[in-house]
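My plan is to begin with the whole chain and then follow a few side chains.

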Amino acid sequence: MNKIYYHLLFWMFISLYVFDYIASFYNFKESILYSSFEVTILCAEFYINLFILLPFVLNKKGKTAYAAALITLLSLSFSAYYGTGLNITLYNDDLLRSIISFLLNHSLYLFISYIVWFFNKYFTEKQLRLQLENEKLQTEMMLLKSQISPHFLFNALNNIYTLTLIKSDNAPKMLATLADILRYFLYEGDQKQTLLASEIEIIHKYIQIQKYRQIEGMNNITFNVSDDNSVKQVPPLLFITLVENAFKHGDIIENKNGFVTIDLATSHNKIEFTIANSFQFKANNQGIGLRNLESQLKNLFENKYQLKIEDSNSIYKVSLSFYGNKDNI
């Protein structure tokens, strides 16, 4: 609608401009007639070039075909002037000079139509590129998240299998809790934002799964939450990756003095998540979980986040901070 409005304003201005020029030489009635004819021809050339010659001839058949089509269009237009005698009335009684004046005048409007077409094409292609980049980003995010769920599921099922071998009463409890976590992955994992409270609950459930395993350092698991209620939403499945890595690569499973300490704090719409775990040996790599997390953070926040990793004195510590969404879903 805005484009139509601008086009109407443009042609209203041109009509007044042409009428004002012609009115200097002819009476009011003749000026209306001649200016209407002139603007009609200019308008026809403008839109034929804009909607037919540029997109279908220049784009698809090349410059030579476009030049030939343009010459044909101008020839037909001048024939209309010549046939009505208006080339003499509006331009010059000398045929050559009237042709030159006609070409100079009408070429200007053809050039304006080219500028309009060029910028329309530029912005359309730019919008398409942005759309494709956004779709690519969403695809990458879904791929990264799809790698988290099987990774977590593989580890959890191994743990349940171990409990069933020893006929532990915790096996069915662990399975039920795992079902809750997988349900969360399924229904919240593909969302752009989820409630921070839901993410906190999932961390509690994951910790509960670890405690069902009767790990050696189960009494040394702490999860501290300090929430000023300024953050309502966060991207899903960011924290659980760090929690899983702490248990997987730490020594809390076999070391009664091992520990995992988790701190989550929100303040003025900023969220700070810190997790530290003890270990007895260094893993050869960070695992796909942490690599995926780093890729997600870059896609989600670009450079507007902080991820700090400290590895010293048999303690592995990861600190993540970013700004959340203060609005409710």
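**Entry 1: the whole chain**

I started with burial: 37% of the protein's 329 residues count as buried. For me, buried means under 20% relative accessible area, exposed means over 50%, and partly exposed is in between, with a 1.4 Å probe and protein chains only. I'm working from a predicted model, where local features need pLDDT of at least 70 and side-chain atom pairs count only at pLDDT 80 or more, while totals for chains, interfaces and linings use all residues. Residues are numbered from 1 along each chain as its sequence is written, and side-chain values use heavy atoms, leaving out hydrogens and water.

Next I looked up the secondary structure and found nine helices and seven strands. These are DSSP runs numbered from the N terminus (helices are H or I, at least four residues; strands are E, at least two).

I then checked contacts, meaning heavy atoms within 4.5 Å. Taking those with a separation of 6 or more, 71% are between residues 24 or more positions apart.

**Entry 2: the surface**

The accessible surface comes to about 19,500 Å², and carbon and sulfur atoms hold 59% of that. The areas come from the Shrake-Rupley method with a 1.4 Å probe; for residues, only the protein chains shown count as cover.

Which residues make a nonpolar patch of about 590 Å²? I noted Phe 111, Ile 115, Phe 118, Phe 119, Tyr 122 and Phe 123. Patch members need over 30% relative accessible area and no salt bridge; nonpolar side chains (Val, Leu, Ile, Met, Phe, Trp, Tyr) are joined within 5 Å, like charges within 9 Å. Tyr 122 is partly exposed, at 38% relative accessibility.

**Entry 3: Ser 278**

Is Ser 278 buried or exposed? It is buried, because its relative accessible area is 7%. I placed Ser 278 in strand 5, which covers residues 270-278.

Its side chain makes a polar contact with the side chain of Asp 251 at 2.5 Å. The Ser 278 side chain also reaches the backbone nitrogen of Phe 259, at 3.0 Å. A polar contact is a pair of N or O atoms within 3.5 Å; within protein, one must be able to donate a hydrogen and the other to accept it, and residues adjacent in sequence count only if both atoms are side-chain atoms. Leaving aside neighbours within four places in sequence, I listed Gly 250, Asp 251, Gly 258, Phe 259 and Ser 314 as touching Ser 278.

**Entry 4: salt bridges**

Side chains of opposite charge can pair when their charged atoms come close. I counted four salt bridges, using a side-chain nitrogen of Lys or Arg within 4 Å of a carboxyl oxygen of Asp or Glu.

Asp 180, Arg 183 and Lys 205 form a network of them. Arg 183 pairs with Asp 180, the closest N and O atoms being 2.8 Å apart. Those two are three residues apart in helix 6 (residues 170-188), so about one helical turn separates them. Asp 180 also bridges to Lys 205, with closest N and O atoms 3.3 Å apart. That pair links distant parts of the chain, 25 residues apart: Asp 180 in helix 6 and Lys 205 in helix 7 (residues 196-212). Each is partly exposed: Arg 183 at 44%, Asp 180 at 29% and Lys 205 at 21%.

Lastly I found Lys 270 and Glu 272 in a salt bridge, 3.9 Å from N to O. Lys 270 is partly exposed at 25%, and so is Glu 272 at 41%.
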